[in-house]
Amino acid sequence: MAVRGGGRVLLSFWLIAFAAPFVAYVVTICPSVYGLDSSEFTSAAWLLGISHPPGHPLHALLGKLASFVPLGDIALRLALLSALLGALSSLALFATLSRFIRPVPSLALALAFAASHAVWFQSIRAEVYTLHAALITAALAAITRFPSSEKSRLAAAFLIGLALANHHYLTVVAIPGLALIHAAVHGRVSLNAHKIVRSGAFVVLGLATYLYLPLRAGRVPEVDWGRPDTSSRFAWTVSAQLFQKSAERPRGSLAEGTTRALEVVASDLHLVAAVAGFIALALLIAARKARLLGVALAILFAGAIFPKAQMGFLTSNPDDHGYLIVALAPLLIAIAAGLEFARDKFLNRLRASLQRNVVVAAALLVGALPVLVTLENFERNDGCDRRGADTLARDQLRSIPEGTFLFSAYFKTEFAFAYLQGVERGRPDVTVVHRNALKLPGVLEDLATRPRAEVEMIGAVAKGLNARAEMTALAARRPFWWEIDFTMVGDDMKRLVPRGYFAEWMASPTSIDMRAAGLQERAFFLKRDAHLLAATGGDTEDIETIFWIHYLRGRFWATLGERIFSFAAFDRALAIDPNNGEVKAERAQVSGEPSQQ
């Protein structure tokens, strides 16, 4: 299919395609560090550290540059980087769309992309998904706008290399679609060894960003996942072995996952836009002259939804929506290309009056898309009141006594404390070790500089040994606290006294007054729950974190046989999620009554 070429697009359209989304993102940006991985990515950027596999070196380097911008705190600066990258994604998509259709509808479709939940919410918090979107949409723009097949291929190859240095899994599944789009735009180009080597060299040039990992690991930064300073640990980090099992065990069948992913795409964009995109894809594939482009866009879309179709989708997890950003682009490109193809193929066959009606209807539909998408998603895109994760982490850290050694159990706690201690330099007296990460490569080496008693105890726990003697010895020297999780057994729990968010390891279990501890814990949360829930701003992920704290407390008290305190904790969890059948069942089991779900 011949695409629209040449023609100078007015500068104002380019400015609007970038500025309108950027302003919208800044106005709705999260005012403090968001939960999940945002605090880790912020810490890794500021400290030039190494985030969780595959390490995300490109984001760390760009984030470090962004941290020098004298605006707000470090968390805000990293969120602004996401806003900038999200706006650049809109601009790059506009550049691609304007090769298929006129500037006005191109702008409307680009703004619909920018207003989608998948793009907007990733653009108001520190994350890697808008960087991925910016690189892939830039590769699309290079493919479609460079008149030279050679230049477009090499530019796209370099951008793909950079994308591989950010999120290689999402990039790999995008490569087949990008390659076919290049063939559709520039025609089938014979690739000889020289061209393949040159393209590969540009990919490697982008991939060279990964050299950051061993270079920084050698300096032992405070955020140092996997310590990739040897070939084996470098391979472990870059290959993301830690997460490969989650890709191997999908939630439900692939068909169910695909159906769910399609539903989320329609929700994150808009049902009208999604349906129009699928119809346009079908039209392009059915047309002989446009078939290769239609197939290429369909493959790019399929590659973008495949990871979540395979692994399963959690609507409450913003990261899962980030996986689907690139899936929106081929649908909108298909609408642009489909409209242009339909105009060339069918419009001239209609009567003049009918032609005008069709053009007006198409213009109204396309023009309404950014408005529909914005109205559909604005409330859940607004991050202005989402302070839940930051409020919770600060209160957790404040609640810990001076000089405490804390064994954390969940990555959210570790990431949040890494930000508060590593970036803001708060509570240096508290030692935090993520006990479920002790078997990961390089962790024990990084901890070897700690006091001998701590190292011996940490080493015993890492080996799966009974480290009760070492823990008791440590507890005699300084406060020794645990974060409660599912891996704890009854004997260990009998030495733990609840202290609000965490529990203190006692040297002697006979000295524990559980009734007094339970009453203190109940009073502790009575003072905090309303404030914590209000700080979430309705954010589902933050609300689930608070729910989880109470649910684990209920299990903890149930294990110790303290039914009254178990009921109180379960009831607080049910006050947050009244329809949670699992909590209802466990509460009923503790009470000895039949479950009513």
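Predicted model: local features only at pLDDT ≥ 70, side-chain atom pairs only at ≥ 80, totals over all residues.
Visitor: Okay, so at what angle do α30 and α31 pack?

Guide: Helix α30, residues 563-576, and helix α31, residues 581-591, pack at an angle of about 165°, and their axes are 10 Å apart. Angles over 145 degrees count as roughly antiparallel, so α30 is roughly antiparallel to α31.

Visitor: And which residues in α30 and α31 meet?

Guide: From α30 come R563, S566, F567, F570, D571, A573 and L574, while α31 brings V583, K584, E586, R587, V590 and S591. The residues of this contact divide into six nonpolar, two polar and five charged.

Visitor: Is the crossing left-handed or right-handed?

Guide: The crossing in which α30 passes α31 is left-handed.

Visitor: Switching topic, which residues touch the most other members in the largest nonpolar core?

Guide: In that core of 129 residues, L178 and F417 touch the most other members, and helix α19, residues 325-345, gives the most to the core, with 13 residues. Another core lies apart from it and has 33 residues, including W225 and F556.

Visitor: What about E521, buried or exposed?

Guide: E521 has a relative accessibility of 3%, so it counts as buried. The residue sits in helix α27, residues 514-526, and, leaving aside neighbours within four places in sequence, E521 is in contact with P498, G500, R553 and W557.

Terms used
Residues numbered from 1 in each chain as written. Heavy atoms only, no water. Core = buried A, V, L, I, M, F, W, Y, C linked by side-chain atoms within 4.5 Å. Buried < 20%, exposed > 50% of the residue type's maximum accessible area, 1.4 Å probe, protein only. Helix = DSSP H or I, 4+ residues; strand = E, 2+ residues; numbered from the N terminus. Contact = heavy atoms within 4.5 Å. Axes fitted to C-alpha atoms, helices over the stretch in contact; angles between N-to-C directions. Parallel < 35°, antiparallel > 145°, perpendicular 65-115°, else oblique. Left-handed = near helix turned anticlockwise from the far one by under 90°. Nonpolar A, V, L, I, M, F, W, Y, C, P; charged D, E, K, R; others polar.
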